[in-house]
Amino acid sequence: MVPPFRFAVNMLTPGTGAEWRARCRRAEELGYDLILVADHLGMPAPFPSLVAAAEATTRPRLGTFVLNTGFWNPALLAREVATTAALTDGRLELGLGTGYVRAEHEQAGIPFLPPGERVDHLARTVEELAGTLKGEEGNPRTPLLIGGNGNRVLRLAARHADVTAFSGGRFTGDAVTVLTASEVAARVEAYRGFEREAGRETPAELNLLIQQVIATEDRAAAAAEFLPRAPYLTEEQVLDLPILLIGTVREIADRVRALRERFGFSYLTVLDHAMEAFGPVITLLRESPAP
């Protein structure tokens, strides 16, 4: 059975209360299913921003994308989750990750643990939040998203997550390497193997973070502009990157359908600078759900 699409916008840009509410209402008008907030220094704080988004909108669900668990004590995080779920009338979806930006930890005065220890902390956080996420003590149930590409994180997601999110990039130190389509496919296939190991009856929803949406009638020219950022790729590989959506509205809609068919990505997230560009794609996909 083909999973239905869900589309989210990840809000990264700070603003006044009026500006924030207007952007959230605009996301709802454009048809986004979720309004998300990241967890980086210099960007909006996740939980108060989501409560404000809930007050400004009626339909979209609201989520963290994703919390850097290295910033959070699990017991205090559980309090934030339970309160935000209640104040948003059960519209919250919690996204968790290990964190990957060393400079932010240094700025915050929080130790930046080695990769294995960051995954350990993520696993402990998931375990300690289990009761809160299930909706114990009268709180709404909160779906869990876990984001990452490494085997240990994917195994954790296979056991616990309602949604597994893939970034389409590999983080090595402070550098990011873009994953080709075949590399993304390999990561998804590895994850499906972990799901089978976990004995899941229902597969998780798969999410992909889209880095750029480029509306153009000249796909080759747009790919050529991107090549200096990833000189190890060919133009053909750039055009095939899952994290880039390049073309006319109809071409991008076809690419979105292809991402679902090829990789299983039915839940796509765009960054807030692409919110308007991707809006017509959502409209077209709602009006013409089949190719």
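## A partly exposed phenylalanine

With a relative accessibility of 37%, Phe171 counts as partly exposed, because that label covers values between buried (under 20% relative accessible area) and exposed (over 50%), using a 1.4 Å probe and protein chains only. Phe171 sits in strand β8, residues 169-172. Helices (H or I, at least four residues) and strands (E, at least two) are DSSP runs, numbered from the N terminus.

## About the model

This is a predicted model, where local features need pLDDT of at least 70 and side-chain atom pairs count only at pLDDT 80 or more, while totals for chains, interfaces and linings use all residues. Residues are numbered from 1 along each chain as its sequence is written, and side-chain values use heavy atoms, leaving out hydrogens and water.

## The nonpolar cores

A nonpolar core is a set of buried Ala, Val, Leu, Ile, Met, Phe, Trp, Tyr and Cys residues joined through side-chain atoms within 4.5 Å. The largest one here has 81 residues, and Tyr32, Val256 and Phe278 touch the most other members. Helix α12 (residues 275-287) gives the largest share of this core, 6 residues. A second, separate core has 12 residues, among them Phe65, Val163, Leu209 and Tyr267.

Contact means heavy atoms within 4.5 Å. Leaving out residues up to four places away in sequence, Phe278 touches Phe7, Tyr32, Val213, Leu245, Ile252, Val256 and Val270.

## Two buried helix residues

His105 is part of helix α4, residues 102-108, and is buried at 1% relative accessible area. Its side chain makes a polar contact of 3.0 Å with that of Asn68. For a polar contact, a pair of N or O atoms must be within 3.5 Å; within protein, one must be able to donate a hydrogen and the other to accept it, and residues adjacent in sequence count only if both atoms are side-chain atoms. Beyond four places in sequence, His105 touches Asn68, Gly70, Phe71, Ile110, Pro111 and Phe112.

Over in helix α5 (residues 115-128) you'll find Val126, buried at 3% relative accessibility. Once neighbours within four places are set aside, Val126 is in contact with Leu96, Leu144, Ile146, Leu156 and His160. Its C-alpha atom is 31 Å from that of Arg21, which is 105 residues away along the chain.

## Backbone and loops

Most residues other than glycine have a negative phi, and most peptide bonds are trans. Here, a cis peptide bond links Phe65 and Val66, with omega about -20 degrees. Val66 is in the loop between β3 (61-64) and β4 (67-68). Asp89 isn't a glycine, yet its phi is positive, near 55 degrees. You'll find Asp89 in the loop between α3 (74-87) and β5 (92-97), exposed at 70% relative accessible area.

Pro203 belongs to the loop between α8 (181-198) and β10 (205-210) and is exposed too, at 52%. Not counting residues up to four places away in sequence, Pro203 touches Arg192 and Glu195.
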